[in-house]
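Subject: Handing over the two-chain model

Dear colleague,

Please have it open while you read.

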2 protein chains.
Amino acid sequence: MLTTKETADIFKAFCDENRIRILQLLLDGEKCACKLLEAMNITQPTLSHHMKILVDSGIVSGRKEGKWMHYSISAEGIRKAQSYLSYLLSRGKDV
Amino acid sequence: MLTTKETADIFKAFCDENRIRILQLLLDGEKCACKLLEAMNITQPTLSHHMKILVDSGIVSGRKEGKWMHYSISAEGIRKAQSYLSYLLSRGKDV
DNA sequence: ATCATATATAGAGATTTGTCAATATGTTTT
DNA sequence: AAAACATATTGACAAATCTCTATATATGAT
């Protein structure tokens, strides 16, 4: 079971538009930070900032290979978020 | 299909600790704003602010009855968030 | 060793978000 | 109509977040 803060932190990964775009880019598989960077209209340090939030939250996993960082969506992280939502649904009433 | 901003807005509902606590309180069913207020250590305007975010995002639905507002978790809203996560999983690789 | 490249970190400014006190709106009771 | 109560809105301040420039670190190539 997650704490209130842990839960909020996981979902923080999804509440910035640039991070949603990054996830969109990762949908078709692992990508290098440099590829993400050229696809987005932000500076390199800003990308680095967002990748840190995504990785720390467990939603994305990073793999270092030489001087490149390869990022991909982490099924395990997504499932953690999913199970919280299921938990809410399991007892929520309405519609 | 949701826009980037719509997606981010839905998840914004979950990224504040007080809102997670509110959802926790709503787990056992509909509650009046006054009940939420006495269970939480925030002022009435602050609660009102958070309820607006939760309702606007579709995660919670509100029902007015006389002078009371009754809030409950909206299954439909939760499902929208769930389906975005499923979408990420459907193509994400890794673990 | 030096240089070039990829990424991370530090620090500063701008924007957004959360919080409160004060006040407004809407509803019920007297 | 006035008073009492529940909730919403406004406006101000504080804290958190996003973004940038400058710089540091790490790796590979010359």
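How many residues lie between S2(B) and S3(B) in their hairpin, and which residue in the turn has a positive phi? There are 2 residues between the two strands, and the one in the turn with a positive phi, of about 65 degrees, is Gly66(B).

Before going further, please keep in mind that this is a predicted model, in which local features need pLDDT of at least 70 and side-chain atom pairs count only at pLDDT 80 or more, while totals for chains, interfaces and linings use all residues. Residues are numbered from 1 along each chain as its sequence is written, chains are lettered from A and ligands numbered from 1 in the order in which they are written, and side-chain values use heavy atoms, with hydrogens and water left out.

The chain and its elements

Chain A has 5 helices and 3 strands, where helices (H or I, at least four residues) and strands (E, at least two) are DSSP runs numbered from the N terminus. Read from the N terminus on, the elements of chain A follow the order α-α-β-α-α-β-β-α, and the C-alpha trace of chain A spans about 50 × 25 × 25 Å along its principal axes.

The sheet in each chain

The 3 strands of chain A make an open sheet in the order S1-S3-S2, with antiparallel pairing; two strands are said to pair if DSSP finds at least two bridges between them. Strand S1 (31-32) and strand S2 (60-65) of chain A stand at the edges with a single partner strand each, so one side of each has no neighbour in the sheet. As background, strands of a sheet pair through backbone hydrogen bonds, either parallel or antiparallel.

S2(A) and S3(A) run antiparallel and are joined by 6 bridges; among the pairs, Lys64(A) stands opposite Met69(A), and Arg63(A) has His70(A) as its bridge partner. Between S1(A) and S3(A) there are 2 bridges, again in the antiparallel sense, and here Lys31(A) is partnered by Tyr71(A). The hairpin of S2(A) and S3(A) has 2 residues between the strands, and in it Gly66(A) takes a positive phi near 60 degrees.

In chain B, the open sheet of 3 strands likewise has the order S1-S3-S2 with antiparallel pairing. S2(B) and S3(B) pair over 6 bridges, with Glu65(B) opposite Trp68(B), whereas S1(B) is joined to strand S3 (residues 68-73) of chain B by 2 bridges, where Cys32(B) faces His70(B) and Lys31(B) faces Tyr71(B).

Where the chains meet

The contact (heavy atoms within 4.5 Å) takes 38 residues from chain A and 38 residues from chain B. The two chains bury about 3,400 Å² between them, 68% of it on carbon and sulfur atoms; buried area is the accessible area (1.4 Å probe) that two parts lose on being put together, summed over both. In chain A, the residues that lose the most area to chain B are Leu27(A), Leu85(A) and Leu89(A), which together make up 17% of what that side buries.

The elements giving two or more residues to the side of chain A that touches chain B are helix H1 (4-12), helix H2 (17-26), strand S3 (68-73) and helix H5 (75-91) of chain A, and H5(A) gives the most, with 13 residues. By class, this side of chain A has 17 nonpolar, 10 polar and 11 charged residues, where Ala, Val, Leu, Ile, Met, Phe, Trp, Tyr, Cys and Pro count as nonpolar, Asp, Glu, Lys and Arg as charged, and the others, Gly among them, as polar.

Between chain A and chain B there are 0 salt bridges, a salt bridge being a side-chain nitrogen of Lys or Arg within 4 Å of a carboxyl oxygen of Asp or Glu. Over all chains, however, the structure holds 16 salt bridges. One of the salt bridges joins Lys35(A) to Glu38(A), with the closest N and O atoms 3.5 Å apart, and both residues lie in helix H3 (residues 33-39) of chain A, 3 residues apart, about one turn of the helix.

How the copies are related

With best wishes
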